[in-house]
Amino acid sequence: MSVAKVTEIKVSSPVSFEDAIKEGITRANKTLKNVKSAWIKNLEVEVDDEGKISEYRILMKVTFILTD
């Protein structure tokens with residue numbers, strides 16, 4: 001029997017949402033073992049004074065399996 005745990009990670013990227021997701025998964029794998037999936041809970045952007053997107057942010061839930 002496996003036991004899974006879910007944790008939330010907030011990540012940002014100046015490039016794109018896709019880049020932020022990749023960075024989040026990479027970071028999660030450095031700290032957590034047995035990462036199995038991620039669910040993107042929220043997307044947001046930071047806008048600069050000129051009205052241009054300066055940062056893409058995501059809030060993701062990462063699922064990983066606990067081991068003995």
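**Close-up views of a predicted model**

**View 1. S13 in strand 1.** S13 belongs to strand 1, residues 3-13. Strands are DSSP runs of E with at least two residues, helices are runs of H or I with at least four, and both are numbered from the N terminus. This is a predicted model, where local features need pLDDT of at least 70, side-chain atom pairs count only at pLDDT 80 or more, and totals for chains, interfaces and linings use all residues. Residues are numbered from 1 along each chain as its sequence is written, and side-chain values use heavy atoms, with hydrogens and water left out. S13 is buried, at a relative accessible area of 1% (buried is under 20%, exposed over 50%, partly exposed in between; 1.4 Å probe, protein chains only). A polar atom of the S13 side chain lies 3.0 Å from the backbone nitrogen of V15. Beyond neighbours within four places in sequence, S13 is in contact with D19, A20, E55 and Y56 (contact: heavy atoms within 4.5 Å).

**View 2. The F17 and Y56 rings.** The count is one aromatic pair. F17 and Y56 form this pair edge-to-face, with 5.1 Å centre to centre and 75 degrees between the planes. F17 lies in helix 1 (residues 17-31) and Y56 in strand 3 (residues 53-66), so the pair ties together parts 39 residues apart in sequence. Rings of Phe, Tyr and Trp (its six-membered ring) pair if their centres lie within 6.5 Å; planes under 30 degrees apart are stacked, over 60 edge-to-face, the rest tilted. F17 is partly exposed at 26%. Y56 is buried at 19%.

**View 3. K52 in a loop.** K52 sits in the loop between strand 2 (35-47) and strand 3. K52 is exposed, at 52% relative accessibility. Residues up to four places away in sequence aside, K52 touches E46 and V47.

Notes:
A polar contact is a pair of N or O atoms within 3.5 Å; within protein, one must be able to donate a hydrogen and the other to accept it, and residues adjacent in sequence count only if both atoms are side-chain atoms.
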